[in-house]
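Please keep the sequence and the structure in view while reading.

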Amino acid sequence: MDYLEIEGGYRLKGDVEISGAKNATLPLLALSLLAKNDINLQNVPNVADIVTFTKLLNMLGAKVSNIANDTKLLTINTSNINSTKAIYDIVRKMRASILVLGPLLARFGHCEVSLPGGCAIGARPVDLHIKALQKLGADIEVKGGYIIANAKHGLSGKDIVFDKITVTGTSNIIMAAALAKGKTKIINAAKEPEVIQVCKALHDSGININGIGTSEIEIEGSNGELLNFKSIKIIPDRIEAGTYLCIGAITNSNICVKNVNIEHTESISEKLKEIGFQIAYHNDCEQQSIEIFPTEKLPKAFRITTTEYPGFPTDMQAQFMALSTQCNGSSSIKETLFENRFMHASELQRLGADISIDGNLAQIKGKSELIGADVMATDLRASSALVLAALVAKGVSRIHRIYHLDRGYEKLEDKLGRLGAKINRLKN
């Protein structure tokens, strides 16, 4: 099994190119189930979650190309789908597989999708997806670990009110509504950029959608007619961009993060400025970049409460916890979206961090002198937090179970190596 060996204590410098967003690509892969033409996705990140999802599409009967190394192009043809069953062996590996539920049901009137397995960062129930599809006219039962959904006469548009904001739930219902009869209104919809990209792709295919980027979205369905999609370029990964900005901050380095969307990362860069770092924005006609500069003073302690977009993202909480160990004073992080998402705290403590946890509130005292040690990744973002801490720890750290890291970060050790980090991928 692979692990990362990192020698800490080095100042970094240079440019890093951000990949396409994993969390934007996944729903667009599911969206291909509504296409009557080949759908071309550009700027696709070559990470484990994308590979897993393409395997699911292949099992359903789709033809999916390999990701081109130079153009990052992925082509999907779903004209010969011969199965509407998403089996447990695939879904257990990635909860986002639930995104095929809405499109399969809308297109074929029947599907069986395995319930997602357990998740290290807490339960993310699919009851919101199920209730919304039932409102659209689906007959759904959960049996033998599968969501068995039927809509013999198709789905019909209705008003859907989500009890709580759900990103995958919003995307799932938007895709289902695109092929439904009549108009669907989604109230309390997620406003994440990844959801907006799904809406824009549908709009460009001819679907009438109003309220894109707001909490109320209206979709006029095609009454079962499949859609003709234009080529789609995946938006930059705002979480990867934020992670590298935090790497610049924790190592007090000058790093320019290229190929980003400045607006999508605003809550992250604003928090870094509050802590004491100078941030510069570069915006030309082809590419946006964010540059972070070293500070002469010790960074200030901070407070964070995670919330839905455009608030501070839960997917950046772990990285900022690592950063807080190098700040002056006591920082606090309140996690409001997922339970059990402080599992990285105990591993940071192994490196010397002073962290106390009380329910969904973490208190971190800084500045701590971190010492290299063997640590274990527990989820995707936790693994990146351990990388951050290892970059400033004295001596050598070894980060195990980095298959979590490979789910969402493309060529992390190569990108860090080009910035000057002493990092190697090794095998046990």
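In this predicted model, asparagine 188 has a relative accessible area of 25%. Buried means under 20% and exposed means over 50%, so asparagine 188 counts as partly exposed. Asparagine 188 lies in the loop between β11 (183–187) and α7 (193–204). Its phi is positive, at about 70 degrees, although asparagine 188 is not a glycine. As background, most residues other than glycine have a negative phi, and most peptide bonds are trans.

**Another positive phi**

- Lysine 72 also is not a glycine, and its phi is positive, at about 60 degrees.
- The loop between β4 (63–64) and β5 (74–77) holds lysine 72.
- The relative accessibility of lysine 72 is 17%, and the limit for a buried residue is under 20%; lysine 72 is therefore buried.

**Cis peptide bonds**

- Tyrosine 309 and proline 310 are joined by a cis peptide bond, for which omega is about 15 degrees.
- Proline 310 belongs to the loop between β18 (303–305) and α10 (317–324).
- A cis peptide bond also runs from glycine 366 to lysine 367, with omega near -5 degrees.
- Lysine 367 is located in the loop between β21 (361–366) and β22 (374–376).

**A buried threonine**

- Threonine 52 is part of helix α2 (residues 48–60).
- Because its relative accessible area of 14% falls under the 20% limit, threonine 52 is classed as buried.
- When neighbours within four places in sequence are left aside, threonine 52 is in contact with Ile90, Lys93 and Met94.

**Packing of two helices**

- Helix α5 (residues 127–135) packs against helix α6 (residues 167–178) at an angle of about 25 degrees, and their axes are 9 Å apart.
- Angles under 35 degrees count as roughly parallel, and α5 and α6 are therefore roughly parallel to each other.
- The crossing in which α5 passes α6 is right-handed.
- On the α5 side, His129, Ala132 and Leu133 make the contact, while α6 contributes Thr168, Gly169, Asn172, Ile173 and Ala176.
- The residues of this contact between α5 and α6 comprise four nonpolar, four polar and no charged.

**Domains**

- The domain assignment divides the chain into domain 1 (2–19 + 236–427) and domain 2 (22–233).
- A distance of 31 Å separates the C-alpha centres of domain 1 and domain 2.
- Between the two domains, 22 residues of domain 1 are in contact with 19 residues of domain 2.

Conventions. Residues numbered from 1 in each chain as written. Predicted model: local features only at pLDDT ≥ 70, side-chain atom pairs only at ≥ 80, totals over all residues. Heavy atoms only, no water. Axes fitted to C-alpha atoms, helices over the stretch in contact; angles between N-to-C directions. Helix = DSSP H or I, 4+ residues; strand = E, 2+ residues; numbered from the N terminus. Parallel < 35°, antiparallel > 145°, perpendicular 65-115°, else oblique. Left-handed = near helix turned anticlockwise from the far one by under 90°. Contact = heavy atoms within 4.5 Å. Nonpolar A, V, L, I, M, F, W, Y, C, P; charged D, E, K, R; others polar. Buried < 20%, exposed > 50% of the residue type's maximum accessible area, 1.4 Å probe, protein only. Domains from an automatic or database assignment.
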